[in-house]
Amino acid sequence: MYREAARIGYEPQPGLSLLRLAQGRHETAAALIRGIVESSGNGSAPGGGASRPRLLGPYIEILIADGDLVTARTMADELTQFAIKIDAPFLYAASTHATGALLLAEGKLKAALALLREAWAIWRELEMPYEASRTRVLIGQASQRLGDDESARMHFDAAHSIFRELGAVFDLSMLEGLTTTAAPGITALTPRQRQVLQLIAEGMTNPDIARHFGLSERTVDRHVSDILTRLDVPTRAAATAYALAHGLIDPPQTGCFHP
């Protein structure tokens, strides 16, 4: 259909590039959209410079997926300037979402979370549930990486419900890939959970771990429960054995391990 649109004179971007991104063809997607973005700056593309803000959000998404964070930063800053200049709520939401996604890719989690929450609020005001749900997926990822599994699950579950209602099959598939526990491994545990598991391997009890991190025992209990669930093992000793066998934690010091 995109080829047919191009044949009869319509610009198939950014849709065609986003399709290639969904197919995992990151380099192809970046190459396809780069030319139209570059030409939109000098007015040679259909619609001239007016088309550029509409292209920048998808372009940034593709650049992040392709690992070109330097160019993504330049484009995100430009989209922010467009949002300020035009003063349109949609562009504010798009620019904060894009910059939040970039910060997440850069590992600046707290800053990413703040911007993503702002974007989510604007999408809700605009009554755009699909865009809001895509932002909630990123909020969930940032929350998970910060060790806030409860908030992550809340946002993932809400996004899953909307994607299912809208029939957004690809987004559902991507989200399920993020949340699946079918293949335990490093990506199945948050950094905090790996730290907790390391201390379990060293022989610490839950109260000991709570004191070590300055957490409540209830929070540590929840972390341990999530670890067992994610690794699909029945006991702390089994979780430790699995983690050691698969290199998820460092070997405990001699004499410290009490299964």
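Biologist: What do the side chains of Glu4 and Arg7 meet in?
Modeller: Those two side chains meet in a salt bridge, at 2.7 Å from N to O. The term covers a Lys or Arg side-chain nitrogen within 4 Å of an Asp or Glu carboxyl oxygen. This is a predicted model, so local features need pLDDT of at least 70 and side-chain atom pairs 80 or more, while totals for chains, interfaces and linings use all residues. Numbering starts from 1 along each chain as its sequence is written, and side-chain values use heavy atoms, without hydrogens or water.

Biologist: How far apart are Glu4 and Arg7 in helix 1?
Modeller: Three residues, so about one helical turn separates Glu4 from Arg7 in helix 1, which covers residues 2-7. Helices here are DSSP runs (H or I, at least four residues), numbered from the N terminus.

Biologist: Is Arg7 buried or exposed?
Modeller: Arg7 counts as exposed, because its relative accessibility is 60%. Glu4 has 37%, so it counts as partly exposed. The cut-offs are under 20% for buried and over 50% for exposed, with partly exposed in between (1.4 Å probe, protein chains only).

Biologist: How many salt bridges does the structure hold?
Modeller: Eight. One of them joins Arg153 to Asp226, with the closest N and O atoms 3.5 Å apart. Arg153 sits in helix 9 (residues 149-166) and Asp226 in helix 13 (residues 217-231), so this pair ties together parts that are 73 residues apart in sequence. Asp226 counts as buried at 13% relative accessibility, while Arg153, at 35%, is partly exposed.

Biologist: And where are Arg211 and Asp208?
Modeller: Both are in helix 12 (residues 206-213), three residues apart, so about one helical turn lies between them. Arg211 is exposed at 60%, and Asp208 is partly exposed at 28%.

Biologist: Which residues are linked in a network of salt bridges?
Modeller: That would be Arg73, Asp77, Glu106 and Lys108.

Biologist: New topic: what span should helix 8 have?
Modeller: Helix 8 has 17 residues (129-145), so at 1.5 Å a residue it should span 24 Å, and the 24 Å between its end C-alpha atoms agrees. The expected value is 1.5 Å times one less than the number of residues. After the helix comes Gly147, which has a positive phi, near 90 degrees.

Biologist: What covers the buried residues of helix 8?
Modeller: The cover includes helix 6 (89-105), helix 7 (109-125), helix 9, helix 10 and helix 13. Among the buried residues are Ala132, Thr135, Leu138 and Gln144.

Biologist: What is Thr135 in contact with?
Modeller: Leaving out neighbours within four places in sequence, Thr135 is in contact with His97, Leu116, Ala119, Trp120 and Trp123. Contact means heavy atoms within 4.5 Å. Thr135 has a relative accessible area of 0%, so it is buried.

Biologist: Last one: which residues does Asp171 touch?
Modeller: Not counting residues up to four places away in sequence, Asp171 touches Tyr130, Arg134 and Phe163. Its side chain makes a polar contact of 2.8 Å with the side chain of Tyr130. Asp171 lies in helix 10 (residues 169-179) and is buried at 14%. Its C-alpha atom is 28 Å from that of Ser225, which is 54 residues away along the chain.

Methods: Helix = DSSP H or I, 4+ residues; strand = E, 2+ residues; numbered from the N terminus. Polar contact = N/O pair within 3.5 Å; in protein donor to acceptor, adjacent residues only side chain to side chain.
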